[in-house]
Amino acid sequence: MTVDLGRLGAWGHLDSLPIDAARAYARRVDELGYGTLWVPETVGREPFTLLGLLAGETREIRIGTSIVGIWGHDAQTTRMAAQTLHEATGGRFVLGLGVSHPHLAEKLRGHTYDRPLTRMREYLTAYRAAVYKGPMADGAADPPILIAALRERMLALAATDADGAFPYLITPERVAWTRAVLNAASPGRGARPILAVSLPAALEAEPDAARAAARAYLTPYLRTPAYQASWAEQGFEPREWEKPGSDRLVDAMVAQGEVEALQSRIGELVAAGADHVAIIPLGPDGSTEHLPTLEALARG
């Protein structure tokens, strides 16, 4: 499947915004010409419901989940939700799936977290076999599927059993490695696997203030084993993800500075092989809905 997500997208929880403000935010991101609006799943608003509320506010932009975990949504429910949103948007929905993390699957949801690669493979099979008899989007194929993949075997699955990958918190060097893995796993495929990446961005000229915003955003991820393992493969050391995170790690994960610096980082990711860069626009407190950042990058 050939899918155009646009060169740039916008990623955010939107939980810092009351629902009317979230609707206005979605309209503005659409007006600015971003290709896709992504919302994650954590412990705030339920993402399929939120995107349903925003679907009617947008006209051109794709909307997608980045990422919903497979433990909290069975494949049948997810297929129905995805098709409903695909129809509601005239074929503009993108389904991002991930295996999430043990503490979220087990402590928060009460599931058993085991064999994530196998579980994702089984889930994709069940998703495609799920029965859906509701209305379909006119002239649109099924929604594209991206997999949250950080390591080689999950990336290979994203290349063979989905439409591509959506890794998180990686450097341009890791993007190049990821692109190579995806391409190697899909020889002869008609369209190369999609590689979407996110980029937290703090539009702030003063270095200390920029790092403060970056750290406020990054702090919850420092204790997550999946990201620690990924950072180790990217050349970082365990001491660097000890709270509050080393300057080197924070600067590598979060673009900081004025518009030109943010654009430069975007360019590095695209040059390394990313098809789509989802901007995470950081406010001073690390929130992810800083509209002035998106407006500045759209003008640039």
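Trainee: Which unit do β7, helix α7 and β8 make?

Mentor: Happy to start there, with some ground rules. This is a predicted model, where local features need pLDDT of at least 70, side-chain atom pairs count only at pLDDT 80 or more, and totals for chains, interfaces and linings use all residues. Residues are numbered from 1 along each chain as its sequence is written, and side-chain values use heavy atoms, with hydrogens and water left out. Helices (H or I, at least four residues) and strands (E, at least two) are DSSP runs, numbered from the N terminus. A crossover is right-handed if, with the strands pointing away from the viewer, the path from the first strand over the helix to the second runs clockwise. Here β7 (residues 164–165), α7 (residues 172–185) and β8 form a right-handed β-α-β unit.

Trainee: Which strands does β8 pair with, and by how many bridges?

Mentor: Two strands pair if DSSP finds at least two bridges between them. β8 runs parallel to β7, with two bridges, and Ile194 of β8 is the bridge partner of Gly164. Six bridges join β8 to the parallel strand β10 (residues 276–281), where His276 stands opposite Ala196.

Trainee: Is β8 mostly covered or open?

Mentor: Buried means under 20% relative accessible area, exposed over 50%, and partly exposed in between, with a 1.4 Å probe and protein chains only. In β8 (residues 194–203), nine of the ten residues are buried.

Trainee: Where do the buried residues of helix α1 fall?

Mentor: An α-helix has 3.6 residues a turn, so residues three or four places apart point the same way. In α1, the buried residues are Ala22, Tyr25, Ala26, Val29 and Asp30. Seen down the axis, they fall within an arc of 135° (taken from the directions from the helix axis to the C-beta atoms), so they line one face of α1. The face turned away from that side carries exposed Asp20 and Glu31.

Trainee: What covers the buried residues of α1?

Mentor: Among the elements covering them are β1 (8–11), β2 (36–39), α2 (47–55), β10 and α12 (291–299).

Notes
Contact = heavy atoms within 4.5 Å.
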